[in-house]
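This briefing goes through one protein model by topic, from the whole chain down to single residues. Look at the sequence and the structure first, then read the points below.

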Amino acid sequence: MALRLHLPHRPTTDSAPPRERPGIGARVFTVQRIGAVLVALFLLVFGLLGFAGGLDFFSTDGERIFGLSSNGLLSLLSVVVALVLLGAAARGPRVASTVMIVVGSLFLLSALVNLAVLRTSFNFLAFEFSNVAFSVVVGLWLLMLGAYGRIGGHLPPDSPYAHPHVFEGDADEDDGYPSTPAEFAVERAMRDAEVAVVQHVASFDQRRRVAAMAQVTSRADRRRVWTSFDEDARRSRG
């Protein structure tokens, strides 16, 4: 009987093995969502204070809020961007990551454009140099957080972005990629057993587990088959 091997990606030499990086998927998602929410809350408060101050909508001479210059139009844009970031964070980590990368790029573009029109009649957002610096810092911050754990030449094997199907909404339909330290430990044991079978050095227990796992296809089902042997062993000892 031919055995189907489902070997997970091996870590590169410069990546710590999964046992040293528990829950990286949860950490990536948390960092991205928190980053989006923090920026959104600042922009929301900044925009609402502008509305409360009754700022002129198209004035090129803005009023100071948190050390930044603002007018009615900039206040409106700040609230809109804040709501977009909050909506993306609520929708899911992958959406938040994508939106943060896009919004971060727009912040950097805004810094360049508004620097060019600074102190001219085209300064419709009432920018000052402090606004330009703020846009650069926030743009780089959003880009960094949006790309965290997602963009790189050597993503760790347990990074959720190394496995595109492992996201909210897909969790019930995918292979059930591991997300906890215990599940990663089971995956490592399964991989070691399958490698041992291929190399003809497997123990009897490894051979029977691999043979049983070959009867199912999804990753979650294979883990359940593997752990069922452990449960049977505990019951027999009890």
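Of the 238 residues in the protein chain, 41% are buried; buried means under 20% relative accessible area, exposed means over 50%, and partly exposed is in between, with a 1.4 Å probe and protein chains only. The model is predicted, so local features need pLDDT of at least 70 and side-chain atom pairs count only at pLDDT 80 or more, while totals for chains, interfaces and linings use all residues. Residues are numbered from 1 along each chain as its sequence is written, and side-chain values use heavy atoms, with hydrogens and water left out.

**Overall layout**

- The protein chain has seven helices and two strands; these are DSSP runs numbered from the N terminus, with helices (H or I) of at least four residues and strands (E) of at least two.
- Along the sequence, the pattern of the protein chain is α-β-β-α-α-α-α-α-α.
- Among contacts in the protein chain between residues at least 6 apart in sequence, 67% join residues at least 24 apart; a contact means heavy atoms within 4.5 Å.

**The largest pocket**

- The largest pocket holds about 460 Å³ of space.
- A pocket is found on a 1 Å grid over the protein atoms alone, as an open set of points where a 1.4 Å probe fits, with protein on both sides within 12 Å along at least five of seven lines.
- Grid points are joined across faces, edges and corners, and the volume is the space filled by probe spheres set on the points.
- The lining of the largest pocket has 22 residues, and Leu74, Leu77, Ser110, Leu125 and Phe127 lie nearest its centre; a lining residue has an atom within 4 Å of a point.
- Helix H1 (24-52), helix H2 (72-91), helix H3 (93-116) and helix H4 (129-147) are the elements that give two or more residues to this lining.
- H3 provides the largest share of the lining, six residues.
- By class, the lining has 17 nonpolar, five polar and no charged residues.
- In this count, Ala, Val, Leu, Ile, Met, Phe, Trp, Tyr, Cys and Pro are nonpolar, Asp, Glu, Lys and Arg are charged, and the others, Gly among them, are polar.

**The largest nonpolar core**

- The largest nonpolar core has 15 residues, of which Val39, Leu43, Leu85, Met100, Val103, Phe107 and Leu142 touch the most other members.
- At least two residues of this core come from each of H1, H2, H3 and H4.
- A nonpolar core is a set of buried Ala, Val, Leu, Ile, Met, Phe, Trp, Tyr and Cys residues joined through side-chain atoms within 4.5 Å.
- Not counting residues up to four places away in sequence, Leu142 touches Val39, Met100, Ile101, Val103, Gly104 and Phe107.

**Aromatic pairs**

- The structure holds four aromatic pairs.
- The rings of Phe42 and Phe46 are stacked, because their centres are 6.4 Å apart and their planes are at 10 degrees.
- Rings of Phe, Tyr and Trp (its six-membered ring) pair if their centres lie within 6.5 Å; planes under 30 degrees apart count as stacked, over 60 as edge-to-face and the rest as tilted.
- Phe42 and Phe46 are four residues apart in helix H1, so about one helical turn separates them.
- Phe46 is buried at a relative accessible area of 3%, whereas Phe42 is partly exposed at 31%.
- Phe42 also forms a tilted pair with Phe134, 5.4 Å centre to centre and with 35 degrees between the planes.
- Phe42 lies in helix H1 and Phe134 in helix H4, so this pair ties together parts that are 92 residues apart in sequence.
- Phe134 is partly exposed, with a relative accessible area of 23%.
- Ring pairs link Phe42, Phe46, Phe66 and Phe134 into a cluster.

- Asn131 lies in helix H4 and is buried, with a relative accessible area of 3%.
- Apart from neighbours within four places in sequence, Asn131 is in contact with Leu68, Ser69 and Leu74.
- Ser135 is also found in helix H4 and is buried, with a relative accessible area of 3%.
- Apart from neighbours within four places in sequence, Ser135 is in contact with Phe107, Leu108, Ser110, Ala111 and Phe127.
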